[in-house]
Amino acid sequence: MAYRVVLLPGDGIGIEVMAEGRAVLEDVARLTGVSFELEEIPCGGQYYLKHGSRDWPEGSEERCGKADLMLLGAVGWPSPTGKGPVLMGDGHMAGYSPVIGNRIRFELYANARPVKLWPGVRHRIHGHHQQVWQPEKVDMLMVRENTEGLYSGLGGFLYAGTKKNIATDLRIITRAASERVIRYAFEACRLRKRGAPKDGKKRVTCIVKDNVLKGCQFFSRVFFEVAKGYPEIEPETAIVDAFTQWLIGQPEYYDVCVTTNMFGDIVTDLASTLQGGMGMAVGCNIGDRRAMFEPIHGSAPKHSGKNKANPMAMILAVAEGLRWLGGKKADPKLMGAGDAIEASVAAVLAAGAPLTYDLVGEDKAAKATEVGAAIRADLAKRLKR
Ligand code: GGG
């Protein structure tokens, strides 16, 4: 039986990194005998500009719904007007359907983002502290609520064309969605072996603004209720603005963090600086039955078409996806392939070359396709049948 994998390349560098992810999947199939039915669906801002009314073809929702695994590149494209991204008639960004649409449609309620500094990678924070940071000090899991909050899609414009003109975005925080994502964070913490790098403690930090926002007061309340079921784990809250500087100042304190949708979007991009940048950062959109895996970076129009974008986050997203699917289907070959891909990325990083500009600077930079090829060459040795 073939596993159905939907590939959503999107825009810009999303298309380029997805080509590398796809090549890895094809090699896994060839080398392990696992069978994949790969179905690529064009989507995003560029698709919308070409086709007019939709950001992906009709029937794409159903095709995603039938997939065993979804992989996403990156979406979003600058509007030809020069004012922001391409927007659709309903005001959503063109590229909304495969990203936020899929998260809400398929209840992919936990956006789990591992923040790990791989040996051989320098973080992207400048200054003299750079020397004392060790890879083992950055190893946390950030969990972002993925279906509501400020990204609920509710809101709109009032009194258009008048001086009273108003724009609203409604922040929805429900008990059901809060409880399930918080529970996900505690379960993930339970499964992590080492706890926080600083003290080995299993800790879940709930990032909120509960001194101001009602939704955050509610989220904190649900957090401490759920925490009672996990007495071996230390629960704490952190105010989001203070958290941003603690995160950068002492990342080793954090084990698992959980937060609402928009705070999560922001703090995980910030956290990616601890792991070498967005080219190394993976987002796993997890639901009870389905999941979609992506690099957290966007489509980076200014870098697209140059074969220079780091494909590692996409390739690591493929690894996470295969491990998730392997767990769901009790398929050790998939689990093994996921582990092997990760080991191959680690091997190329440890070797120090070939690596893209974001990791080694423009002077020493290799092309994206060279990095992909090096990872696959290493993978071939690991997966030799
Ligand atoms: N690969 C991630 C991506 O394409 N992100 C574009 C985007 O707008 N994402 C919104 C979000 O992650 O909430």
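A residue is termed buried when its relative accessible area is under 20%, exposed when over 50%, and partly exposed in between, with a 1.4 Å probe and protein chains only. The model is predicted, with local features requiring pLDDT of at least 70 and side-chain atom pairs counted only at pLDDT 80 or more, whereas totals for chains, interfaces and linings use all residues. Residues are numbered from 1 along each chain as its sequence is written, and side-chain values use heavy atoms, without hydrogens and water.

Helix H12 covers residues 368-382; helices (H or I, at least four residues) and strands (E, at least two) are DSSP runs, numbered from the N terminus. Its buried residues are Ala368, Val371, Gly372, Ile375, Asp378 and Leu379. Seen down the axis of H12, these residues fall within an arc of 130 degrees (taken from the directions from the helix axis to the C-beta atoms), so they line one face of the helix. They pack against helix H1 (13-32), H9 and helix H10 (332-351), contact meaning heavy atoms within 4.5 Å.

Proline 311 lies in the loop between strand E12 (291-295) and helix H9 (312-329). It is buried, with a relative accessible area of 1%. Leaving aside residues up to four places away in sequence, proline 311 touches Val17, Glu20, Thr356, Ala368, Val371 and Gly372. Proline 311 and glycine 372 are 61 residues apart in sequence, yet their C-alpha atoms are 6.7 Å apart in space.

An automatic or database assignment gives domain 1 (1-106 + 289-385) and domain 2 (119-274). Their contact takes nine residues from domain 1 and 13 residues from domain 2.

Definitions and conventions: The expected span of a helix is 1.5 Å times one less than its number of residues.
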